Amino acid sequence: MTDRLLRWVLRIGAITSALIMLLILFFLLLESWPALQQITLTRFFTDPSWHPLEAAYNLLPMLSGTLYASIGALLLAIPLGIASALFIVYYAPPHLALLYQRLIELLAGIPSVVFGFWGLITLVPLINQLHPPGASLLAGILILTLMILPTITLTAHAALLAVPDEFQRGAVALGLSRWGVIRGVMLPAARTGIVAGIILAAGRAIGETMAVLMVTGNVVQHATSLYDPIRTLAANIALEMAYAMGDHRGVLFVSGLLLMLLVMLLSGMAATLSNKHHA
Amino acid sequence: MLETVNRIWRSGYRDLFAQTIIYIAVAFVCVVFIWILSDLIRGGIAHISWDFLIESPRDAGRAGGIGSILVSTLLLLLVALVVALPLAWTTAILLAEYVPVTSKFGITVRYSLQVLAGVPSIVFGLFGNAFFSIYLGLGFSILSGGLTLACMLLPILVSTAEAGLRALPDSYRLSAAALGLSRSATLFQLLLPAAAPTLAAGLLLGIGRALAETAALLFTSGYVERMPGSLLDSGRALALHIFDLSMNVPGGDAPANASALVLVALLLGINIFAMKLAYGLQRKRII
């Protein structure tokens, strides 16, 4: 009797958890629907500018800002993250490896608003000395790099550990040097896992809001250099939701939907990759 | 074995180069980490006192403390956990104990949670605003903020609890069945107590995630900095306080820095404790 009751309680809990995802999608669609009916999709790319109060909704500058910042951060974080993982697995003595791994895990626990605050009081003035105004794409890239570094490191670490021992032994027995083993055997064998981690990190970079909002200056424009201020899609939502009404609010929900679909696509890709890896 | 391997490996020119690059990268990451921590400590430590922790903010946060902010943060956290924990743990128990790994139902639930884990926090904020604040009419309140946080925490709470239950050896379940225990008795008397440390570690990770959250609370729990009178009052979380002080309040840098130090200290403490729980458990199992 209690067994059956328990099973029902559990099932209801699990179904509720699974439904939250759909609820979120449903409400995003519901809120963006009126705007999507009023505004044809092409206008998000062809409107002259982003002036929502005058009904001009060009999302392209924000899209380019998001992409520049994310790609820049990935370019920096991928080598740093993979080097960190190699250090933990192959180069460091055991106690140092453990210490460094903990440090990376703690880095992952620092909240984005604290990264943003540190960027604002330390990085932005530094960049300002180099090239005003300081709050810029570069600051955003550097802060994002720190935020996605742990994701890349920890997934690459797990992927390297999952490579069977025989691979390493065989390669060593063939007389390959240490770097030869890593480059020729271990990294290719762990490739899918590492790529899945990078895709997850890309999703995190695209969706990151507060830290980026605090250091990038939030000017709606296509950046022409690293020192130009930019505004990302996520930051745009956070900045304008407070006073947005009508179609403007709808467009913000559309950009939220866009962010969510992008991230879903990326996490779907990461999931298929790691599933294929396990199979 | 590694020693002999090391001897066999010839450290050629390329090896040395790769090694140098890797050491430089690692040193760089360490330096930046220490740089951030020392900046936060140097800028914030002078401002922190007992009064700062218990007083309410005055003059938009430039003076006074973070007492009311801490209370709001705690209430947000409580609401989130009271809602998320039962849901997450029932889901985890079902996934780990009752449905086979390959069942359609299990895969669907797991996939849905995986997607949920990747949703950016600002999107949770939009959803919380549309659903809890406006559709359910909760307004800008601690309740709607806490409920939004609960949705965010679900994936991490479920995945840690499920992993914890799966890590228990099957012999537990078999022996319990052989002794004639019912499945619910096995669950409550044996499996859940045995998995308690991992459940606690997951709980701590969830608390850390909730404390760090800002974007999801911007449009759900609101900005009001005074002491909340009820769960339907708006309340400002600590992370949001840091954001507001540093972006919108000129001259708010010193209290913002002190608040950031408090938040980071809290989070580091929680995360280290969670790691201790999780890794201590691993070591016990190996012995």
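Start by selecting domain 1 and domain 2 of chain A: their centres, taken over C-alpha atoms, are 29 Å apart. Domain 1 spans 2–38 and domain 2 spans 45–278, with bounds from an automatic or database domain assignment. You're looking at a predicted model, where local features need pLDDT of at least 70, side-chain atom pairs count only at pLDDT 80 or more, and totals for chains, interfaces and linings use all residues. For picking, residues count from 1 along each chain as its sequence is written, while chains are lettered from A and ligands numbered from 1 in the order in which they are written.

Now show where the domains touch: 8 residues of domain 1 of chain A contact 8 residues of domain 2 of chain A (C-beta atoms, placed from the backbone, within 7 Å).

Next, bring in chain B. The contact uses 66 residues from chain A and 73 residues from chain B. Helix 1 (residues 2–38) of chain A gives the most to chain A's side, 19 residues; helices are DSSP runs of H or I, at least four residues, and strands are E runs of at least two, numbered from the N terminus.

Hop to helix 10 (residues 238–248) of chain B, where 9 of 11 residues are buried (20 or more other C-beta atoms within 10 Å; exposed is 12 or fewer, partly exposed in between, with C-beta atoms placed from the backbone). Phe243(B) is one of them.

Last stop: select Asp59(B), a non-glycine with a positive phi of about 55°. Asp59(B) sits in the loop between strand 1 (57–58) and strand 2 (63–64) of chain B, and is exposed because it has 11 C-beta neighbours inside 10 Å.

Conventions. Contact = placed C-beta atoms within 7 Å.
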